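Student: Could we go through this model together? I would like to learn how its terms are applied.

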Amino acid sequence: MLAALVPATASASDTQEVDAALPYVCAFPSGPVPATVRISAEFPQRARAGEAFSPAGVTTAVELPAEAVAGLAGSDVTEVRAGTALTVAVAQDAATATAIWRGGSDPVPLPASGPLTLTATGDVPSVTGRGDGDLTFTAGDLALGLTPGLAEDSGDGEVTGVPAVDCALAEDAPDEGLLVTVPAVPGPPGTSGPPSPPASGGPSPVPGGGPRERQEGRSGEAPESVPSAAADRDVPPCRYDEDNPPTPLSLNAYVTGYANVKKQKAASYLPPSCVLIDGGEFQFPVDEPFDPEQLVMVLTTYGEFSHQGRPETPPYDSTFLSFDFTPVKATMVLKQTGPMRIDARMTMRYSDLFTTTETYVRVPLIAQVTALEVNGVPLDVGPSCRTEESLTSVEPDPAKHPGDHVVLYGKAEQAIGEDVVGYTLLTGGPLAGEVTIPAFTGCGTGREDLDRLLTASVSGPGNHIKQVQGQTCTPLVPVFETPETRGQCTEDLQPYQIPVAER
C-alpha cells in the first residue's frame, strides 16, 4: 500500500545497492510464460529503531520473452507501457508486514519480434523498524498492467492487448526472493517492538498483498489500551473456535446500524453483531475486455452471522407507537437462511492511481419475533413467529443472483496518499439498501392469531437500511493496537473496532 513519502534517513555514501534478477511465471491468456523481473533499489547500510526510511531509486524491470510479446502485437499497436505492483514482505524477527511497490513505465516501442523489457519506476512506502533485529525485504507476487498504444494514423480507436496479468515468483528463485537485509541498531528509548506496517493511504491491495487500509471518522474513539476480550466492551463475543478454526484468509468483524419500518415511521436499531467471513483475494475478472485506462479486479467472499454458534444476530428490542397511539415493544432476531455473499469490484486508473471499490452484500434473512408487548401487556407469540420468507431487495442482477435476499451496497474511493472514504470489506464502513418485509406467520398460540396484527403493523416495501461494518480482524495475522499502529484485533483475536450506528 502506498504511503505518505518519508525521505530516506541514510546518506548516499551510506547505502547498499540492490540489483536482483528474479525468475517469475506470468499467467498470460495464452498460458503461463516465464519472465525475468530485475529489481533495483538503494537501502541504508543500517536502520535505527524508531526511524522511518524509504528505499530509494526503486525500479522494476520486467523482461518478457518473445512469446509474450507476440500476444501484444497488432496492426494498430506501435508501443506499450506498463504499470506494476510488486508485493514485498518486510520482516523483523517474528514480526512481518507487507508493502506494495508500485511503478509505471514510459511508452516503449513494440518490437516486431523478440523480447521486450519494460522498466517501471515509482515511490514506495516508508518502513520503521521497532527493535534491534535485522529487517529483511523479500519480493513476492507481481501484478503487471499492460497498456498498448495506437499508431498515429489509426482512425478506428481499436487496440489489441492483454488484460493485466498476475506474475508469481518461481519456485527456484534464489534465496526465495530475498532482496536485502538491513541491520538494525538500537534507537531512542521506547522504540522496541515489531516493525510498523507501511503507512496507509494507497490503493487497495492487489492479489495476495497488502496490509489493511484504514478509514477516518467511522466510529467512536479507540480505547487507549488493548482490551483483553470483546466482552470487556459490552458486545457479544466474535471469535473462531476449535469447531470453526480460522484459515489464513479468515476475517471477523462487528456490524451495527438501523432499519426503518416505514409503516411505523420509525427505525429499529441493530446492536453490534458478529460476522465471520471466509476471506479471499482479488482476482482479475474473467471474460471481460481489456481496459487500457484502468486496472480492474474482483473479489468474492462468503460470510455468516455468528451468535452462540448459530447463524443469527443477538436478540434486540424494537419499540414503536403502533397506529400512532399504542406503544408496542417487540424482541426480534434476524436469522440467516443461506450463504452471505460479498462481491467487490475494484478499479484503479493508471493515470493517477485513483481507486474506486463497489461492493454488494447479499444475504437471505428472516425476522423472528420472540417476545411482544402491547401497551405493557405481554402477548404470547409462540416459538415460531417469523416472516413467511426472507426480507427482499430489488436485485440488480437477478439472472446471476436469483431468490429472495437482502442486498446492501457500499462504495469507496481513495486518492493516492489519502485514506479510504466509504466502504471496503477490509476497512468496513457504511452499507445501505432497501427491503420489503414479508407477511408474518406462526404468531400466537391457541385461539389467538397474531399474524394479521404483525403483518398490518410492519410488513410492506420501502424500508431503508443503513448498516456500518467495523474494521476486520485477521486472526492468524493479527494487528494489535500500538502508539503507531491502529488496532485491528484484541489480544484474544476478536475485532478491535466496535462500529457506531449511523442514521
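Student: Which residues does Val-406 touch, not counting residues up to four places away in sequence?

Tutor: Val-406 touches Val-361, Arg-362, Val-363, Leu-365, Leu-391, Ser-393, Val-435 and Ile-465. Contact means heavy atoms within 4.5 Å. Keep in mind that this is a predicted model, where local features need pLDDT of at least 70, side-chain atom pairs count only at pLDDT 80 or more, and totals for chains, interfaces and linings use all residues. Residues are numbered from 1 along each chain as its sequence is written, and side-chain values use heavy atoms, leaving out hydrogens and water.

Student: Why does the pair of Cys-26 and Cys-167 tie together parts 141 residues apart in sequence?

Tutor: Because Cys-26 lies in strand S1 (residues 15-28) and Cys-167 in strand S12 (residues 165-169). Strands here are DSSP runs (E, at least two residues), numbered from the N terminus.

Student: Are Cys-26 and Cys-167 buried or exposed?

Tutor: Both Cys-26 and Cys-167 are buried, meaning under 20% relative accessible area; exposed is over 50%, and partly exposed is in between (1.4 Å probe, protein chains only).

Student: How many disulfides does the structure hold?

Tutor: The structure holds four. Another one joins Cys-473 to Cys-489, with S to S at 2.0 Å.

Technical notes: Disulfide = S-S within 2.5 Å. Helix = DSSP H or I, 4+ residues; strand = E, 2+ residues; numbered from the N terminus.
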